[in-house]
Amino acid sequence: MGARGPKKKLAEIARLEGNPGKRKIQESTVKASGAPFIPDYLDEDARACAEVILQSMPPELYTKADSGLIADYATAWSIKKQAVARLAAEGLTVTGSQGQDVKHPCINIISEMMRLNMAQGDRLGLDPKARQALQLKADEKPKSKFEGLIGASVSSDLSKH
């Protein structure tokens, strides 16, 4: 039987979302390293997709360990692209085994690849919400509107008198 309760968030995500309860954030003991790579087995479209991902995101965001997930995302994107092209050429319906019009099988393929890309894209930080969280980390926490009210400015005002 698995652990009870909600699954713990990664330390980076917990920091990005804030820690209102001030509970200790458990740090990860394993840090991935190495530059990501694009596997040789990917077709041309998938390779182009992977390159766009790697060039679009901040350097050092992905590591060698993320290469497989990036390749999976790119492969699903390539399959979806091929299915969309085939659907455009053949139409929304095909003739079934008994002569009736049925939904083109590419519609199911497109739908499944879109689901995969949405799930993988979220893990890779490719959707706007995930990028917003990454942006907070890059800029660090926004400065408080109260910052600077107490401290150096007070002592400099006192030295004038």
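Helices, taken as DSSP runs of H or I of at least four residues, are numbered from the N terminus, as are strands, and on this basis E60 is found in the loop between α2 (44-56) and α3 (67-90). The model is a predicted one, and the values reported for it are computed from the atoms.

Of the 161 residues in the protein, 20% are buried. Where contacts between residues at least 6 apart in sequence are considered, 57% join residues that are at least 24 apart.

The packing of the helices was examined for two pairs, both of which include α3. Two packed helices are described by the angle between their axes and the distance between the axes. For α3 and helix α4 (residues 105-124), the angle is about 155 degrees and the axes are 9 Å apart. This makes α3 roughly antiparallel to α4, since angles over 145 degrees are assigned to that class. The crossing in which α3 passes α4 is left-handed. On the side of α3, the contact is made by L69, I70, D72, Y73, A76, W77, I79, K80, A83, V84, R86 and L87, and on the side of α4 by C106, I107, I109, I110, M113, M114, L116, N117, Q120, G121, R123 and L124. Sorted by class, the residues in the contact of α3 with α4 are 17 nonpolar, three polar and four charged.

One of the residues that α4 brings to this contact is M114, which lies in helix α4 and is partly exposed, with a relative accessible area of 42%. M114 and I79 are 35 residues apart in sequence, and their C-alpha atoms are 10.0 Å apart in space; I79 is among the residues of α3 that make the contact with α4.

For the second pair, α2 and α3 pack at an angle of about 130 degrees, with a separation of 8 Å between their axes. The two helices are therefore oblique to each other, and their crossing is right-handed. The contact involves D45, A46, C49, A50, I53 and L54 of α2 together with I70, Y73, A74, T75, W77, S78 and K81 of α3. By class, the contact of α2 with α3 has nine nonpolar, two polar and two charged residues.

Two of the α3 residues in this second contact, A74 and S78, were considered individually. A74, found in helix α3, is buried, with a relative accessible area of 0%. Residues up to four places away in sequence not being counted, A74 touches A46, C49 and A50. The C-alpha atoms of A74 and D43, which are 31 residues apart along the chain, are separated by 9.3 Å. S78 also lies in helix α3 and, at 1% relative accessibility, counts as buried. When neighbours within four places in sequence are left aside, S78 is in contact with D43, D45 and A46.

The loop between α1 (11-17) and α2 contains I38, which is buried, with a relative accessible area of 18%, because that class takes in values under 20%. Apart from neighbours within four places in sequence, I38 is in contact with R47, A50, E51 and L54. I38 and K64 are 26 residues apart in sequence, with a C-alpha to C-alpha distance of 9.6 Å in space.

The cysteines were examined for disulfide bonding. A disulfide is a covalent bond between the sulfur atoms of two cysteines. A search of the whole structure finds zero disulfides, the criterion being a pair of cysteine sulfur atoms within 2.5 Å.

Terms used
Residues numbered from 1 in each chain as written. Predicted model: local features only at pLDDT ≥ 70, side-chain atom pairs only at ≥ 80, totals over all residues. Heavy atoms only, no water. Axes fitted to C-alpha atoms, helices over the stretch in contact; angles between N-to-C directions. Parallel < 35°, antiparallel > 145°, perpendicular 65-115°, else oblique. Left-handed = near helix turned anticlockwise from the far one by under 90°. Contact = heavy atoms within 4.5 Å. Nonpolar A, V, L, I, M, F, W, Y, C, P; charged D, E, K, R; others polar. Buried < 20%, exposed > 50% of the residue type's maximum accessible area, 1.4 Å probe, protein only.
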